[in-house]
Each structure stands twice: as structure tokens, then as C-alpha cells.
Amino acid sequence: MANQKYRFALLSTLVFMVCTSGPAQWAPMATDAQSEQRISWWRDARFGMFLHWGVYSIPGRGEWVQWNEQIPVGEYAKLASEFHPDHFDPSAWAELAKEGGMKYMVLTARHHDGFALFDDPESTFTAIKSSAHRDLVADYVQAVRNAGLGVGLYYSPLDWRFPGFFFPGIYRDNAEELRAQYQRQIDELARHYGKLEVLWFDGGGNEWLGFGGLQFTGGGWQSRPKDKPYTGSFDWKDTQTVAHLRQLQPEIVINDRTNAPADFRSREGDGALGDFENRYPWELCTTITDGAWGYQPNARVKPLDQLIHLLVGAAGRDGNLLLNLGPRPDGEIDPAQAARVREIGRWLSANGESIYGTRGGPWLPAGYGVSTHNGRFVYVHVLAMPKDSVLRLPALPVRVVHASMLRGADLQIERSSGNVSITLPASMVDPIDTIIKLELEQPWTTQAVIPVPAP
């Protein structure tokens, strides 16, 4: 009988798949027998720490400094001799992530500049061969694992040192050399660092190939539209590479920035929070500071309420948040960024019940804020208090047996004209997020959602 009550208003909205600083992703979603089980821990985790760190941290002008300033490859490579991560303490990173309430971490093992934080015997541009003389990924993986967090690595098949990436048609040998590096380094990461929970690809797939810019047609060289993938004869062989990765790491989850089947989709930047989507797992990645993802001195740290609203907004839309920090060249995390992470952690220690292990809904996001649920409990995150202090939402087709503030007094619910109304005294309003906890007579069906009319 309960299931009959829940068969209503199924979601049919679209997801914003165009990220703010990257092309749309085209990878299909994984549909193998293990896909739902593989991703379940990740969905429950809801919150992770992203770390952009490499030799680009030395000039302190962001991870795209080589490309943006067109620094010659040879000149840029000299940064490896200046890389002295004397304060690199991955255990401190992991402890900070735990204090911040994060459940998994993702480190840039190799960004588009080609510098690898891990060992690759066939490459000269690695941390082992830099002045650091250290396999930084190995130390990071061990520290994250010891902390009981999910171990994640970011990897970019794109490498600005290879012209074959931009023009695979005429630089075929070079493009194949780059592909060989991609396959070799993924094998290196999959074989030599123990169990990995996340592989976060970037710069791969046919959307990026050719750098999304030029294609040769009968009319000559033309700009390739952003919504069109590469269609030339060169093949990244993502499907084979990712299949090999999954053979070595059968429980790993990957994003959609290759051509291979993905476990979750990615949205990028505050402005890409987008719409509710519960047909597949997804994650919003964004920065804790304004500006670049890599280290920038004196970068403004975003206010606590803005970051909480991003976290709550993602959970209420049925997604995760991956929040990026950019460590200093010496490996230390900027104190202002660390302090903000700890503030988020203190908020989560009091309110995490409404985030961890939840799914988005039953009410869709609207002017009031968002909602999350877990079994018989629904959490209403009121991010914008109505002027009359009365929250009005469409009635649920199941009885509410108890209502209260998440951390406070009981509340009375009034029902009229198909709505539920909850009056919130000024003394109960939280300036960041006023959270109401509802206990239902029976568990909520995860896929069922209810639109909220505009006030």
C-alpha cells in the first residue's frame, strides 16, 4: 500500500552538463551488474576534498599558468628543480579533511602540464626526478588510507608537452606516444598504490581531443563547436584503458571525462550547481577560494555560508560536493583555507545527519531552499526564510508523525488546501541554514519528488 502512495511526480528535469570551465561530457553511464554497489558508499559520503598541487604552485598563478602565459616547455620544466615540498605532510592533509567532515580525498596525480607526483620510470618530469626526490602519491595514499578516508586520484590524459594532442591527424606518432603515456601511467597508478576508491579524469575523451578548438574540414581549418566531439581517425582508446583500470581496481569509481562508461557525472564551478538530478550519481567540484584551483597567494576564501549553501544545495539536488584546496608550493595548506574547512566541519558535526547518507527530495529545490531524506526522516533546509516566517510546502502523501528543529524544539504542522505550513519563530532561525526534521510514518521512496510552486 505504501508503494502505491509514493507513485507520483517523478522527476523529468535535465541536468546542466556544460561545466563553467570545461566542455560537455559525453561518456555513457556504467550499467554493469556491480555499478550500483560500487557507487553506493560514494553517494552516502556526500562531501570530499579536492587538492590541486604541483609545480604550477610555485609561480602561484594557478594550475593553467603554463598555458595561459604560453611558457615554453623547456622553461616550464625548470620548475621541477625548484620544487621543495619541505612541509608536505599528507597525514595533516587527511586529518584536516576529517576535521572538515570530508569522507574522501582526490589529489592531482598529474595535471595538464604533465608533471607527475608519482613515479613513472619512462618519464623525466616526475616528483621522483625533481628536487623533491619523493613519490608524493605513495605518501598521500598511505596517509588517506590510514585516516579511513576514500583514496582518490585525479589524472589528465591531456599533456601540453605533446603537440599530437592538439593535431592528432598530422602528428600521429606524437599522439600515439601521448596515448602510450596515458595507458602506462594509469597502469602505474592502478598497480602500485593499493586499493583506490576514485579515479577522477580530466582533459580526456573526444570532447577534449584537439583541445576542443580546431578541426580540418573541406573548407580548411575551422573552430570546432563546443558541443561537438572530435571525429577524426585517432582514438584515445579510453574504453580499453578504463577496462584495464577496472580489472586492476574492480571497486574504483570514475567520472565522465573520458569516453568510457562512468560511475558519476561531474559539474564544475559554483555556477554549475544546476538542477535536481536523481537518475544517476553526480558531483559538483568547486574551489574554496575565488580564482584558480592551484595555489594563489592571498586568494580570497569564500564565506562559510556560501560554502554551506553549496554543500546543502548539492545534497538537496541529490549530488556530492568536492571542495578544492590549493596547497602552497612547500605542501602546506594555507591557514585561511584550513580554518574555513574546520568551520565547515563544525557545522557538519552538528548537522551532518541531514547530509550524510541522504538522498535529495522529497521536495524539489525552490525559493525556500532544498530537502534531503533518509528512510523515514526528511530534512528541510530553509535557506531563505519567508517574510511571514511561515514555510509552506505541498503536502506529502504519507503522514508526518513528528516535526522539530534538527537541534531543538518540536514544531507544529498545519494542513490546509493540500499544503503543510510550519511557523518558525525568529528565535529558531539560523542565519546560514534553518533545518527542520520531519519523521514520516513510512520510509520515503527515493525516486519520488514533488515540485514546489513559486510563492
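Leaving out neighbours within four places in sequence, tyrosine 140 is in contact (heavy atoms within 4.5 Å) with Leu51, Phe88, Pro90, Trp93, Met105, Val106, Leu107, Val151, Gly152 and Leu153. The model is predicted, local features need pLDDT of at least 70, side-chain atom pairs count only at pLDDT 80 or more, and totals for chains, interfaces and linings use all residues. Residues are numbered from 1 along each chain as its sequence is written, and side-chain values use heavy atoms, with hydrogens and water left out.

**Exercise 1.** Find which residues have the most contacts inside the largest nonpolar core.

*Solution.* A nonpolar core is a set of buried Ala, Val, Leu, Ile, Met, Phe, Trp, Tyr and Cys residues joined through side-chain atoms within 4.5 Å. Buried means under 20% relative accessible area, exposed over 50%, and partly exposed in between (1.4 Å probe, protein chains only). The largest such core holds 93 residues, and Met105 and Tyr140 have the most contacts inside it. Helix α11, residues 304-316, contributes the most to this core, eight residues; helices are DSSP runs of H or I with at least four residues, numbered from the N terminus.

**Exercise 2.** Decide whether histidine 309 is buried, partly exposed or exposed.

*Solution.* Histidine 309 belongs to helix α11. Its relative accessibility is 26%, so histidine 309 counts as partly exposed. Not counting residues up to four places away in sequence, histidine 309 touches Leu383 and Ile432. From histidine 309 to glycine 345 there are 36 residues in sequence and 14 Å in space, C-alpha to C-alpha.

Notes
Helices (H or I, at least four residues) and strands (E, at least two) are DSSP runs, numbered from the N terminus.
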